[in-house]
Amino acid sequence: MIYIESPSTDPTFNLALEQYVFDHMDKSQEYFMLWQNDNAVVIGKNQNAFAEVNQKVADAKNIVVTRRLSGGGAVYHDLGNLNFTFILDAKNAEDLNIRLFCQPIADLLHTLGVPAEVNGRNDITIEGKKFSGNSQYLKQGRIMHHGTLMFDSDLAVVADVLRVSADKFESKSAKSVKSRITNIAPYLPEGFRLTHFKSLLLEHILKTKNATPYVFSTNEMQQIKQIQENRYACWDWNYGRSPAYRVKKSRRFEGCGTIEIYMNNENGMISDIQFFGDFFGIADTKQLALQLKGLPLERSVLMEQLAPCKIEQYFHGLQIEDFLALLLQTE
């Protein structure tokens, strides 16, 4: 496994670095990356930035907002947080497997006396409090799994800058963001530093104490910066997906997440439709939107059209009956 350590704390550069490794580096190799971002909110591929981020707080605190390739929810990064990435063959996987990559993290923490557990769709928790959010991107037989590890992050900023819907609180019996998140450091001996934890994590994953990071050439760095400029530093990629539709339908599904449908219809026909939310999926919802465009809002017709497709490829953990119930719900 090749170890890559980012030379930057710029969130737009680091997402570009991930994409470069995934798309352009030797696909016969496996990669493990460690990286840190300065203050940032990283939103999921399918999320509406304006709905997820308190932009006033982000502007006041110079927090960068950027969008990643994978689904899931928004996460806060600062220099008290350590991010990790696995990139390797999917081994014929046709769906996401978050636990496979999270369990080694929990196992390491157990050796340090920390009662970490892999919970829910994509969380690693300590005593029911989340310190790690994870997401995956699957494409052409390769998988990228990335996660956050809040070691000593500013939890007050997390609560201020992220907007979390009331139904998400209700479904998890929580009253505030602060009550649901934690750092790793309080569960370790006093004086235990992030640098030490990072060294132990590397040794645990790579099975060696002497991991040498990959060194990028000047040409590779130029390509990474080009990806950064063309995508992750662009307003259109980060904010431009926000919708302007007449109809909005939203529901949170246990085991799937929140799905928001933004839609226009004319004479009972779907004229335009787009999907947002913190759900995961291995297929692009734009493909689903194309299938639905021009169809009447009639259950039998929609069921016939959607029968050949696997709805769970777009919305992991969702059944077709639940999707149709949301699509056809009346105000």
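Buried here means under 20% relative accessible area, exposed over 50%, and partly exposed in between. The model on screen is predicted.

**Stop 1: Arg 142 and Asp 89**

Select Arg 142. At 2% relative accessibility, Arg 142 counts as buried. Asp 89 belongs to strand E6 (residues 81-89) and Arg 142 to strand E10 (residues 142-150), so the bridge ties together parts that are 53 residues apart in sequence.

**Stop 2: Glu 5 and Lys 198**

Across the whole structure, a search finds six salt bridges. Another of them joins the side chains of Glu 5 and Lys 198, at 2.7 Å from N to O. Colour strand E1 (residues 2-5) for Glu 5 and helix H7 (residues 194-206) for Lys 198; the pair ties together parts 193 residues apart in sequence. Glu 5 has a relative accessible area of 32% and is partly exposed.

Stay on helix H7 and select Ser 199, which lies in it. Ser 199 is partly exposed, at 44% relative accessibility.

**Stop 3: across to Thr 258**

Draw a distance from Ser 199 to Thr 258: the C-alpha atoms are 36 Å apart in space, and the residues are 59 apart in sequence. Thr 258 sits in strand E12 (residues 257-266). With a relative accessible area of 10%, Thr 258 is buried. Which side chain does the side chain of Thr 258 contact? Show Arg 252: the two side chains make a polar contact of 3.1 Å.

**Stop 4: Arg 252 and Asp 278**

Arg 252 is in strand E11 (residues 247-253), while Asp 278 is in the loop between strand E13 (269-277) and helix H10 (285-292), so the pair ties together parts 26 residues apart in sequence. Are these two residues buried or exposed? Both Arg 252 and Asp 278 are buried.

**Stop 5: helix H10**

At the start of H10, a side-chain oxygen of Asp 284 reaches to within 2.9 Å of the backbone nitrogen of Lys 286.

Select Thr 285, Leu 288, Ala 289 and Leu 292, which are buried residues of H10. Turn the view to look down the helix axis: the buried residues fall within an arc of 105°, so they line one face of H10. What do they pack against? Show E13, helix H11 (299-306), helix H12 (311-314) and helix H13 (320-327), which the buried residues of H10 pack against.

Then turn to the face of H10 directed away from the buried side, where Lys 286 and Leu 290 are exposed. H10 is followed by Gly 294, whose phi is positive, near 90°.

**Stop 6: aromatic rings**

Show the side chains of Phe, Tyr and Trp. The structure holds 16 aromatic pairs. One of them is Tyr 20 with Phe 216, an edge-to-face pair at 6.4 Å centre to centre, with 70° between the planes. Tyr 20 lies in helix H1 (residues 11-24) and Phe 216 in the loop between H7 and helix H8 (218-232), so this pair ties together parts that are 196 residues apart in sequence. Tyr 20 and Phe 216 are both buried.

Next select Phe 32, Phe 84, Phe 86 and Phe 101, which ring pairs link into a cluster. For a ring with a charged neighbour, select Trp 237: Arg 231 lies over its face, at 4.4 Å from the ring centre.

**Stop 7: Asn 37**

Finish in the loop between strand E2 (31-35) and strand E3 (40-43), where Asn 37 is found. Asn 37 is buried, with a relative accessible area of 0%. Which side chains do polar contacts join to that of Asn 37? Show Asn 14, whose side chain is joined to that of Asn 37 by a polar contact of 2.7 Å. Then show His 77, whose side chain makes a polar contact of 2.8 Å with that of Asn 37.

Conventions: Residues numbered from 1 in each chain as written. Predicted model: local features only at pLDDT ≥ 70, side-chain atom pairs only at ≥ 80, totals over all residues. Heavy atoms only, no water. Salt bridge = Lys/Arg side-chain N within 4 Å of Asp/Glu carboxyl O. Helix = DSSP H or I, 4+ residues; strand = E, 2+ residues; numbered from the N terminus. Buried < 20%, exposed > 50% of the residue type's maximum accessible area, 1.4 Å probe, protein only. Arc of directions from axis to C-beta. Contact = heavy atoms within 4.5 Å. Polar contact = N/O pair within 3.5 Å; in protein donor to acceptor, adjacent residues only side chain to side chain. Phe/Tyr/Trp six-rings, centres within 6.5 Å; stacked < 30°, edge-to-face > 60°. Lys NZ or Arg CZ within 6 Å of the ring centre and 35° of its normal.
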